[in-house]
Amino acid sequence: MGLLSLAIWLPIVLGVLLLALGREQHAGAVRWLALLGSTLSFVVTLPLVTRFDRSTAAMQFTESAAWIDRFAVRYALGVDGISVWFVLLTAFITIVVVISAWEVITERIHQYMGAFLILSGLMVGVFSALDGLLFYVFFEATLIPMYLIIGIWGGERRIYAAFKFFLYTLLGSLLMLVALIYLYYKSGGSFDILTWHALPLPATAQTLLFFAFFAAFAVKVPMWPVHTWLPDAHVEAPTGGSVVLAAIMLKLGAYGFLRFSLPIVPDASHEWAGFVITLSLIAVVYIGLVALVQQDMKKLVAYSSIAHMGFVTLGFFIFNDLGMAGGIVQMISHGFVSGAMFLCIGVLYDRVHSREIAAYGGVANTMPRFAALAVFFAMANCGLPGTAGFVGEWMVILGAVKFNFWIALTAATTLVFGAAYTLWMVKRVYFGAVANDEVRGLVDLNAREFFMLALLAVAVLWMGVYPKPFTDVMQVSVAKLLEHVAVSKLI
């Protein structure tokens, strides 16, 4: 069993054990076992970066074994410079989520922790799969634990939000399944994704495949106008669910564009790039304005995520190295920043039991340590230089300038809107006079809360000040993908 298999199955097996053996009276042991499992899973992923060969775009740490011989389906895994960071990000965020639920989740704790560990392994499987059917199985299986997380531990409208999340993402994925079956027969009976990358296809087939993949991945990102499930899911999900949803699950859709849409149907990707760019710019501008009028902090950050992910898809479809690398960096940084933003909202909600901005005011007076960290993450969400939020956006804007100045100018408005809605929230929640007795009685961060936020603060600052390790790992793979996409696959 290789490192990738360990990263996938270690958390899944431990999650299943928690589901089978956990009991309410053993809550303490369940928490420690979940923390041990998530930490071991993260440690297993570290050699993927430390031993990664940055000079090649080939898949590394590959594993392959027969799975369903009759249909030539293989258990094939591997990572390149594009996917390796998302494996680490998934394992890292899982540790933070386990810590965040330590004292907050008191009912069905073994099921809660088990669901997150299983979800972590499945998401690593998505980023590692090199077989089309294996990718689809992992991609769809992630819906089940997240559906349960929202539906069981969510808010008052959790059932509505869980169903909406499940139906939106499932319906889009059904078209992708049709596309995978077509590619299987077109390639002579192979589900190997890398084989599909070299497959010549007629123009009509490329267009149909492009939109089949687009239906699955655009919903997952989510892109405007199929984004409406996300604010509902975020508002109703528990804090850990919101963190994983924003930090990792949205990236599954964006990653799908890089692994399927661009390399398999490059001609259709070029032909419909204007369409994707337009939707991305609408997300950046319109959704930024929608975020500006939100009264619920979770909704504001949820709409902020849609706008930031619009930057990601914009970077992918301008077809230059700065744009594509910037989009990938933006995915990673958004994982840190959005996760931290939702954790900060969770800290306040645990004390006041309200997400409404109007319920707060002057929090910095009673929770100074928390306010310092929360404002730091808010600055990163604005794209402040020196934080992770700046690097990816700046690279995409530079890439967009090379592509088209007016597109770059429109995209850059996200820096204005992002500062507007984020600072407006910061002003009303953290600064000014103490608004009410509930805020006056707030207690600052305990050691557990400080530790989980400090972990993310270090990651945000490190990536903002020194992004070179991230960009160096992905550079050769991005160049190879762009070279591949530039070659016509029409027959």
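R259 is buried, with a relative accessible area of 4%, where buried denotes under 20% relative accessible area, exposed over 50% and partly exposed the range in between (1.4 Å probe, protein chains only). The structure is a predicted model, in which local features require pLDDT of at least 70 and side-chain atom pairs count only at pLDDT 80 or more, whereas totals for chains, interfaces and linings use all residues. Residues are numbered from 1 along each chain as its sequence is written, and side-chain values use heavy atoms, with hydrogens and water left out.

The side chain of R259 meets that of D80 in a salt bridge, with an N to O distance of 3.1 Å; a salt bridge is here a side-chain nitrogen of Lys or Arg within 4 Å of a carboxyl oxygen of Asp or Glu. This pair links distant parts of the chain, since D80 is placed in the loop between β2 (73-79) and α3 (84-100), while R259 belongs to helix α11 (residues 239-264), 179 residues apart. Helices (H or I, at least four residues) and strands (E, at least two) are DSSP runs, numbered from the N terminus. D80 is likewise buried, its relative accessible area being 5%.

Over the whole structure, the search finds 10 salt bridges. One of them joins E449 to R351, with the closest N and O atoms 2.8 Å apart. Because E449 lies in helix α21 (residues 447-465) and R351 in helix α15 (residues 321-352), the pair ties together parts that are 98 residues apart in sequence. Through salt bridges that share partners, E103, R351, R448 and E449 are joined into one network.

Helix packing was examined next. Two packed helices are described by the angle between their axes and the distance between the axes. The axes are lines fitted to C-alpha atoms, for helices over the stretch in contact, and the angles run from 0 to 180 degrees between N-to-C directions. For helix α4 (residues 109-128) and α11, the axes come within 11 Å and cross at roughly 15°. With that angle, α4 is roughly parallel to α11, on a scale in which angles under 35 degrees count as roughly parallel, over 145 as roughly antiparallel, 65 to 115 as roughly perpendicular and the rest as oblique. The crossing of α4 and α11 is left-handed, a label that applies if the near helix is turned anticlockwise from the far one by less than a right angle, right-handed being used if clockwise. In a second pair, the axes of helix α2 (residues 27-50) and α3 come within 9 Å and cross at roughly 160°. The helices α2 and α3 are therefore roughly antiparallel to each other, and their crossing is left-handed.

Backbone features were noted in several loops. In the loop between α9 (203-220) and α10 (229-236), P222 is joined to V221 by a cis peptide bond with omega of about -10°. P225 is found in the loop between α9 and α10 as well, and a cis peptide bond joins W224 to P225, with omega of about 10°. F319, although not a glycine, has a positive phi of about 55°; this residue is found in the loop between α14 (297-316) and α15 and counts as buried, at 18% relative accessibility. H353, in the loop between α15 and α16 (363-366), also has a positive phi in a residue other than glycine, with a value near 60°, but H353 counts as exposed at 56% relative accessibility.

At the surface, M1, L6, W9, V13, L17 and L21 form a nonpolar patch with about 600 Å² of accessible area together. Patches are made of residues with over 30% relative accessible area and no salt bridge, like charges being joined within 9 Å and nonpolar side chains (Val, Leu, Ile, Met, Phe, Trp, Tyr) within 5 Å; accessible areas come from the Shrake-Rupley method with a 1.4 Å probe, and for residues only the protein chains shown count as cover.
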